[in-house]
Amino acid sequence: MATTASITLASDLLTDAISVSDSTTCMKAGSASDDLDQMELGCVEIATGTNFDLLNADNALNKDKANKVYVCNDSTDETYYVVITIDAIVLGRLYAGDWMFIPWGAEDATADIEIQAYTGTNKISYAWFHEGKTLISA
Amino acid sequence: MATTTATITLSSSDLLSDELALSTTATLTTAGTSTGITQASGLSRKTLTYGSSGVIDTSVIYRADDYTADKANKVYIKNTSSTAAEFFTIFLTGDRATDVHGNADPGLTEIGRLYAGDWMFMPWCATSGTKETFTVTIANTWAAGDTFVFDGVTVVAADSTVNNIAAQIDAAQYPNWVTSVSGAVVTFVARYSNAGIEIDTTEAVSTTAGDGTGAVATTVEGTRSVSDIYIKPSVHTGMTYETMLIHE
């Protein structure tokens, strides 16, 4: 169940061209053959004014694993942005059209990935590739 | 105008019952505008090696003090290892001043682990802390040949005028401080945020033949940065990462 994540960075901002390409197959922690085989995929609209949990750290199953998180700001107004926070520490801002792809340690119950929208309601898509999720009993 | 694009493709033919094929291209612009971002560190490569597994420590990749906060900065980091079990842990300076969460690295907030071949691309707020600031006031009777010593730099007074001596102290270049001068008062500002600095006359030493003084007074207490980016290898035998920062 291979999932491949590829990136291409290209720019003409230096006197010579920047061209960086890379690809990785998303594996479980420490494995060369056992692929990350679980994922969540979502799309949400984030209103301004509140810092929300986008992903809750399920550290019982994901602490120090090879989780990968993709977040994209699908807003089109260039002044719109979201602030991404992990464990109350701000990672950075995703402006309209920006995306991020990060590993996620989920080291304890407070290590949630949080998101807060600014300027207006931001539309966000996200994916979480993981090794397991504790389901809540009905 | 420079054009910088970042494209991600996430694909899988068998993770879901239908094919996963997600591709997004971001044209990187300055914060809140359509103007292309114009500065980059260039791609760099570094190997971290330690004497034994017991002395593996974190190292700083990027210091927030060197960049402008709350902009549209982006960081790319790759673990070049091909050994599946080898990983880098990526951190930000955090609020883990104590080990209250059972965290192995108090003082840092873990983002996550980059296993062999993995890469990451993230926004970075580059929020720095506060730089320690203090003043040195040159006063009373100084003479040519008197000295002021600080941060490994020795300034020898060229004459006895305190304003001139303060100007000489300001003109010197200090490894860890930048200076400005007003009259006989020299202001030192740390190059990097740091909560652990306290300067007094045992570090900023004035030696005079007469009763000349260089009184030291802290005017701003430093605090640590809250978003320096750290990296820590899982093994001591040499792990290599590549990185690039695109910033404003």
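In this predicted model, chain B contains an open sheet of 3 strands with the order β12-β11-β15 and antiparallel pairing. The edges of the sheet are β12 (153-156) and β15 (205-207) of chain B; each has a single partner strand, so one side of each is left without a neighbour in the sheet. Direction ignored, neighbouring strands of this sheet are turned against each other by 15 degrees on average. Strand β11 of chain B covers residues 147-150 and pairs with β12(B) in the antiparallel sense over 4 bridges. Within that pairing, B:Phe148 stands opposite B:Val155 of β12(B).

**Domains and confidence in chain B**

The domain assignment of chain B lists domain 1 as 39-128 + 226-247 and domain 2 as 133-220. Between the C-alpha centres of domain 1 and domain 2 of chain B the distance is 36 Å.

The average pLDDT of chain B is 92, and 95% of the residues score at least 70. Over residues 97-101 of chain B, pLDDT stays under 50, and for this stretch the model has 6 contacts beyond four places in sequence. Where pLDDT is low, predicted coordinates should not be read in detail. For the model, the scores are ipTM 0.94 and pTM 0.91.

**The contact between the chains**

Chain B puts 58 residues into the contact and chain A puts in 55 residues. On the side of chain B that touches chain A, the elements giving two or more residues are β1 (4-12), β2 (20-27), β6 (73-79), β7 (87-93), β8 (108-115) and β9 (119-124) of chain B. Of these, β1(B) gives the most, with 9 residues. By residue class, the side of chain B that touches chain A divides into 28 nonpolar, 23 polar and 7 charged residues.

β1(B) also takes part in strand pairing across the chain boundary: 9 bridges join it to strand β1 (residues 3-11) of chain A, and the two strands run antiparallel. A:Thr3 has B:Ser12 of β1(B) as its bridge partner, and A:Ile7 stands opposite B:Ile8 of β1(B). Inside chain B, β1(B) pairs with β2(B) in the antiparallel sense over 8 bridges. B:Ser12 belongs to that pairing as well, standing opposite B:Leu20 in β2(B).

The residues of β1(B) fall on two faces. The covered face consists of B:Thr4, B:Ala6, B:Ile8, B:Leu10 and B:Ser12, while B:Thr5, B:Thr7, B:Thr9 and B:Ser11 make up the uncovered face.

| Strand | Partner | Bridges |
|---|---|---|
| β1 of chain A (residues 3-11) | β1(B) | 9 bridges |
| β1(B) | β2(B) | 8 bridges |
| β11 of chain B (residues 147-150) | β12(B) | 4 bridges |

**Chain A**

Chain A has 1 helix and 10 strands. Along the sequence these elements follow the pattern β-β-β-β-α-β-β-β-β-β-β. The C-alpha trace of chain A spans about 45 × 40 × 25 Å along its principal axes. Chain A has 138 residues, of which 46% count as buried. Considering contacts in chain A between residues at least 6 apart in sequence, 72% join residues at least 24 apart.

In chain A, Ala88 is not a glycine, yet phi of A:Ala88 is positive, near 70 degrees. A:Ala88 sits in the loop between β6 (81-86) and β7 (89-95) of chain A. A:Ala88 counts as partly exposed because it has 14 C-beta neighbours inside 10 Å, a number between the limits of 12 or fewer for exposed and 20 or more for buried.

In chain B, phi of B:Asp70 is positive at about 60 degrees, although B:Asp70 is not a glycine. The position of B:Asp70 is in the loop between β5 (59-62) and β6 of chain B. With 15 other C-beta atoms within 10 Å, B:Asp70 is partly exposed.

Notes. Residues numbered from 1 in each chain as written. Chains lettered and ligands numbered in written order. Predicted model: local features only at pLDDT ≥ 70, side-chain atom pairs only at ≥ 80, totals over all residues. pLDDT = per-residue confidence, 0-100. Contact = placed C-beta atoms within 7 Å. Nonpolar A, V, L, I, M, F, W, Y, C, P; charged D, E, K, R; others polar. Pairing = 2+ DSSP bridges. Axes fitted to C-alpha atoms, helices over the stretch in contact; angles between N-to-C directions. Domains from an automatic or database assignment.
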